[in-house]
Amino acid sequence: MTLDQLFKSIIDQDDMPVVVCDASDTIVYMNPTGIEYYSGHGGEILLGRNIHDCHNPRSSELITKVTKWFAESKDHNKIHTFYDERRDKDVYMVALRDDDGELIGYYEKHESRKRDDTPRYNF
């Protein structure tokens, strides 16, 4: 088993959408929750497409600004993009960097604010 397989499994099990783009803004990965979440926009067919093709001009402009900000400094790694009141969650863009700290892409991270009321250790 490789570390790549382990990391992919971690992301695949996340119950929040994850969309990964490379440095040229191509969608290279969506976890199953992300595919379902964005099914109204094409879901899995978004893979290989440019992220800007999936957004309105204002959102596309903001994505460009964030990626430029990521590239300005190795310390620029996470930015809050919006709060979804209906789903009670925050959404972030997070930089992805190689071992030298160079920007190689970014991903969209969703974080729920809702309390998890499922029973603990409910086997």
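I began with the largest pocket of this predicted model, and I noted that β1 (18-22), β2 (27-30), α3, β3, β4 and β5 each supply at least two residues of its lining. Next I looked up its volume, which comes to about 650 Å³. Of the 26 residues that line the largest pocket, I listed the closest to its centre, and these are H55, S59, I63, F82 and E108.

Which element gives the most to the lining? I found that α3 does, with 5 residues, and I therefore turned to helix α3 itself, which covers residues 57-72.

Then I asked which residues of α3 are buried, and I wrote down S60, I63, V66, T67 and F70. Seen down the axis of α3, the buried residues fall within an arc of 120 degrees, so they line one face of the helix. I reminded myself that an α-helix has 3.6 residues a turn, so residues three or four places apart point the same way.

What covers the buried residues of α3? I found that the cover includes β3 (78-84), β4 (89-97) and β5 (103-112). On the face of α3 turned away from its buried side, I noted the exposed residues P57, K68 and E72.

Last, I looked at the start of α3, where a side-chain oxygen of N56 reaches to within 3.0 Å of the backbone nitrogen of R58.

Notes: Residues numbered from 1 in each chain as written. Predicted model: local features only at pLDDT ≥ 70, side-chain atom pairs only at ≥ 80, totals over all residues. Heavy atoms only, no water. Helix = DSSP H or I, 4+ residues; strand = E, 2+ residues; numbered from the N terminus. Expected span 1.5 Å × (residues − 1). Buried < 20%, exposed > 50% of the residue type's maximum accessible area, 1.4 Å probe, protein only. Arc of directions from axis to C-beta. Contact = heavy atoms within 4.5 Å. Polar contact = N/O pair within 3.5 Å; in protein donor to acceptor, adjacent residues only side chain to side chain. 1 Å grid on protein atoms, 1.4 Å probe; cavity = no way out; pocket = protein on both sides within 12 Å on 5 of 7 lines; lining within 4 Å. Points joined across faces, edges and corners; volume = space filled by probe spheres on them.
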